[in-house]
Amino acid sequence: MKHLILCAGLLASMTVSAQRKTIPQKVDSVLKLMTLDEKIGQMNQYNGPWAATGPLTNDDNLLSQIKDGKVGSMLNVTGVKRTKELQDIAMQSRLKIPLLFGQDIIHGYRTIFPVPLGEAASWDLEAMEKGARVAATEASAAGVHWTFAPMVDIARDPRWGRVMEGAGEDPYLGSKIATARVKGFQGKGLGNTDALMACAKHFAAYGAAVGGRDYNSVDMSLRQLHEVYLPPFKAAADAGAATFMNSFNDLNGIPASANAYLMRTILKGEWKFKGFVVSDWGSIGEMINHGYVKDNYEAALASANGGSDMDMESRSYIQHLVKLVKEGKVKMTVIDNAVKRILTKKFEMGLFDDPYRFSDEAREKAQWNNPEHLAIERDIAKKSIVLLKNEHSLLPLSKTAIGKDNAQRQIALIGPFAKAKSDNLGFWSYDWPDDSIRVTSLYEGVQKKVGADTKLLYAKGCNVNDTVTAGFAEAVATALQSDIVILSVGEARDMSGEAKSRSSIGFPGVQEQLVKAIVATGKPVIVMISAGRPLIFNWTADHAPAILYTWWLGTTAGDAMADVLFGDYNPSGKLPMSFPITEGQIPIYYSHFNTGRPAQNDSDRNYRSSYTDLSIYPKFPFGYGLHYTTFSYGPVQLSNGVLQKGKPITASVVLKNTGARAGTETVQLYLRDLVGSVVRPVKELKGFQQITLQPGESKTVTFTISVEDCRFYNDKLQYIYEPGEFRVFIGGSSRDVVETGFVLK
Ligand code: NOJ
């Protein structure tokens, strides 16, 4: 339905020459026609009437406000029918400025992808970009213009439920993934009907909420902010992210929603960001609770001046900005600048040419069941799985093996997730009516792999959160009948996500007891762990012979798990976060400082930076993940022991597949600056490459190192490098490395 729309006033002067105007000129023309009320309307975003992702404020004749030009954008409105219904109303407003529809398309829309932390474990940037592309293709076909993703918050505290939404603990990996996701969402560029506007969130440092408690305060040095928390945002801005969202937390006492240092000095100033900033849900009004402002009037004042261009759901702007402008407290230039940024995106999306260009029912239908999308999802799902343990090469399982005494082989599938469907989707996913058919369970995935010579047995054992062990007897009896047990445990889909912080991050309920009971049968047990965050499971890690960490893998979860279980895919995932031994170690991350009294190992405790009762090491380190083959690393060879500006050097290792299967290794490069004018981490990731080798095959893997890789923020926040000695580490995890050194002159 083509519907050429332009503001009423402009329409009269809509000549060929007007069509030739650049977007900034068109924006100016529209702005000139707008009343102050209409401008502020553009800065106002409401939740739609059908779904909510935050605490609702009762509205107040939403539809008539749209008609009055008081709403610039809506969230949680999806589907061609609904978006069209509301756009129709916007088209009845005086200037007919189209609405923007935003939605949390975090890891897929119709086809659900692994949760972002899971995808990050694939370290496969191309696959992540493709995943975001699929999400954009499906959501844009359903009338959505804008996703509130990627979430690029660095997170070093697995108690924080929102770790599932990001890329983990490392700024380098996080930046690469931020770029891939922005590119994936925005595709060939805004203006294409399959492009979604991206939104880098939550600006900034939300992932450092004290104690891992959601919405909590953040207090950190500006150096840490710049070095660890901002790089993925900068990467997203550089990749062209159309929008940013600020965050619920205060940063060093100033709420992010009014933080002029973040939004004006850094984002719109230093980084020259041209898009617009939306607040988080109600976060402008929540500054009253923070104790930063007295009421919504002051909240609107602080946020508008601080640089928030659009108010999501707090109603502070719509209620108070007109008055604030009339009183001269918020300058007209502040309003105009915000509105220009918003209108620019609407023009770039082509919505002024055709507000219904995303409202095509045929396209929506065509994207509804796209088998190619499922194949793309399955590809990244299997790459996201991390093999944590595989004693005696228990895995992979044979598809055709026979059982004891040549009898039919029996595989027992046990645990609360063995037949789970929607739990495989994780937080921030949609419930479609046919999920019970579309989403594959582990049981179904296994069933498809094995032939008639294998019989599957099943017992649930317990529910996710059970406190009773009533189902154990049946589970144990089932295990005893079998040749092999696949035991599926973990978190339900709503246990990691927004407002899902947990202080104890073990398996919920009696699940660890179930693992003990099943391992005690003496049968070979493969433990599959579904979760949105790093969990703590020491007993399992120490006693189960094989463990696969599967996160929440999305629509094809069961098939992807079975691909790995039966060796159709040799697992290649590597952890994007350190897995602690206990909550008492949190925050634990690989790129820590050395301290003045570093412990050399866990026996070295006397007046050392250690715990008297606990290891200083994580259970599983950042970058860790096994395969069904092994890789050896030769010594690091440098092209030159001296690095100078303009003269990069290379660091190479010979990587050999020393096992019997082809496999893909993620070769990681870390640097350490031994002496700095501010102390430097013991290791920092600076590069990685994914190398696939046949059994026995070797390859020289080469990284280029330039002075740019040696930069850091000094105490004056200058991004510099300093002469001195550096160590270079290359390996298959942050702990398992070969090393050498060079001098930067
Ligand atoms: C609050 C969340 O923090 C944010 O990430 C999300 O985009 C909004 N709600 C809208 O759902």
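A polar contact is a pair of N or O atoms within 3.5 Å; within protein, one must be able to donate a hydrogen and the other to accept it, and residues adjacent in sequence count only if both atoms are side-chain atoms. The model is predicted, so local features need pLDDT of at least 70 and side-chain atom pairs count only at pLDDT 80 or more, while totals for chains, interfaces and linings use all residues. Residues are numbered from 1 along each chain as its sequence is written, and side-chain values use heavy atoms, leaving out hydrogens and water.

**Ligand site**
- The ligand is surrounded by 13 residues (a heavy atom within 4 Å); T53, D104, R162, H202 and D280 are the closest.
- An N or O atom in the side chain of H202 is 2.6 Å from an oxygen atom of the ligand.
- For the side chain of T53 the corresponding distance to a ligand oxygen atom is 2.5 Å, and for that of K201 it is 2.7 Å.
- Of the 300 Å² of accessible area that the ligand has on its own, the protein covers 100% (Shrake-Rupley method, 1.4 Å probe).

**Nonpolar cores**
- A nonpolar core is a set of buried Ala, Val, Leu, Ile, Met, Phe, Trp, Tyr and Cys residues joined through side-chain atoms within 4.5 Å; buried means under 20% relative accessible area (1.4 Å probe, protein chains only).
- The largest core has 159 residues, of which M74, F203, F244, L321, L487, F537 and Y549 touch the most other members.
- Helix 16 (residues 332-348; a DSSP run of H or I, at least four residues) gives this core its largest share, 7 residues.
- Domain 1 (2-366) and domain 2 (384-585) each supply at least three residues to this core; the bounds come from an automatic or database domain assignment.
- Another core, of 30 residues, lies apart from it and includes I411, M561, A562 and Y569.

Key:
Buried means under 20% relative accessible area, exposed over 50%, partly exposed in between (1.4 Å probe, protein chains only). Helices (H or I, at least four residues) and strands (E, at least two) are DSSP runs, numbered from the N terminus.
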